[in-house]
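Thank you all for coming; I would like to take a few minutes to walk through one chain with you. Please have the sequence and the model open while I talk.

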Amino acid sequence: MKIKRQKQAKKTISFYKYNFSFRQPFQILIDGTFCQAALKNKIQIKEQMPKYLMGEVQLCTTNCALKELETLGKQLYGAKIILQRFQVRKCPHFKNPVPASECLLSMLEDTNPHHYFVATQDHTVTTGLKKIPGVPLLYIILNTIVLDKPSQASLDHVQAVQLGELVNPAQQQSIRNLKEEQGIAQKDGERRGKKRKRKQSNPNPLSCLKKKKKGVPTPPLKKTEQGEKRKRSRHKRQKTEGDNVSAPVVANT
């Protein structure tokens, strides 16, 4: 069963590597519910997570997730101690903490640009994660860590990219980098609505030429039928004053 589970995990990781450019070390974003489940099932996250994902990992959390465990009291004290050992990533709610579920979803934005794995037992978070393409989901079932299969949103996104309807995140980032290197990166709304002025150009010299008059077409020659002699046209010579004209003889009566 363990070998089968690792084969499935390897296949899923390859899917995210190839289609969403995931690379080691894998960043695992963890909340308090996952730490509580690991404590209850006696799972050593730091030891078992790299073995299961077959690579280096960086375990991290957010300030909102830590604040939430502090407010819940002594029942989750053990989960709080585990979560404090991980790296704390900056979130936009430092001054005004929000629930951990809301904070985790905000860290992923619309396309998971930082390539986070998310480890949680919160049903609200998992429902929201499955709507975002390219988010690997980890949870604990029967004393084991499980990497969920790619969501339908991820599959649909990959299919759209293959059909040429979308550009995958890696290609989008490479396009942005090329624009920045060439100095043609533009801000949002910049150069919108502006019309380019056409340069005044000289007229085409061929259009300035006078049109040639069409010649009168020559009538086609009449074809003679076979066996018929062709008639010659004789032109009469006009008489001039110098020509000798013989006058008629008149008889005397």
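Predicted model: local features only at pLDDT ≥ 70, side-chain atom pairs only at ≥ 80, totals over all residues.

Residues are numbered from 1 along each chain as its sequence is written, and side-chain values use heavy atoms, with hydrogens and water left out.

Helix 2 itself covers residues 32-40, and its buried residues are Gly32, Phe34, Cys35, Ala37 and Ala38, where buried means under 20% relative accessible area with a 1.4 Å probe, counting protein chains only. By that criterion, 32% of the 253 residues of the chain are buried.

As for the overall architecture, the chain has nine helices and six strands; helices here are DSSP runs of H or I with at least four residues, strands are runs of E with at least two, and both are numbered from the N terminus. The six strands form an open sheet in the order 3-2-1-4-5-6, with mixed pairing, two strands being paired if DSSP finds at least two bridges between them. Strand 3 (87-89) and strand 6 are the edge strands, each pairing on one side only.

Within that sheet, strand 1 (residues 26-30) and strand 2 (residues 57-62) run parallel and are joined by four bridges, with Leu29 standing opposite Cys60 in strand 2. Helix 1 packs on the sheet, where it touches strand 1 and strand 6, and its direction makes about 35 degrees with that of strand 6. Contact, in this talk, means heavy atoms within 4.5 Å, and the angles run from 0 to 180 degrees between N-to-C directions of axes fitted to C-alpha atoms, for helices over the stretch in contact.

Let me now turn to strand 5, and ask how many of its residues are buried. Four of the five residues in strand 5 (residues 137-141) are, and the strand is thus mostly covered. Strand 4 (residues 116-119) runs parallel to strand 5 and is joined to it by two bridges, and Ala119 has Leu138 as its bridge partner in strand 5. Between these two strands the chain passes through helix 7 (residues 123-129), and this β-α-β crossover is right-handed, in the sense that, with the strands pointing away from the viewer, the path from the first strand over the helix to the second runs clockwise.

On its other pairing, strand 5 meets strand 6 (residues 144-147) in the antiparallel sense over four bridges, and Tyr139 has Val146 as its partner in strand 6. The hairpin of these two strands has two residues between the strands, and Leu142 there takes a positive phi near 50 degrees.

Finally, which residues touch the most other members of the largest nonpolar core? In this core of 36 residues they are Ile28, Ile30, Ile45, Met49, Leu53 and Leu138, a nonpolar core being a set of buried Ala, Val, Leu, Ile, Met, Phe, Trp, Tyr and Cys residues joined through side-chain atoms within 4.5 Å. Helix 1 (residues 2-20) gives the most to this core, with five residues. Apart from it lies another core, of 18 residues, among them Leu29, Cys91, Leu104 and Ile132.

Note on methods
Buried < 20%, exposed > 50% of the residue type's maximum accessible area, 1.4 Å probe, protein only.
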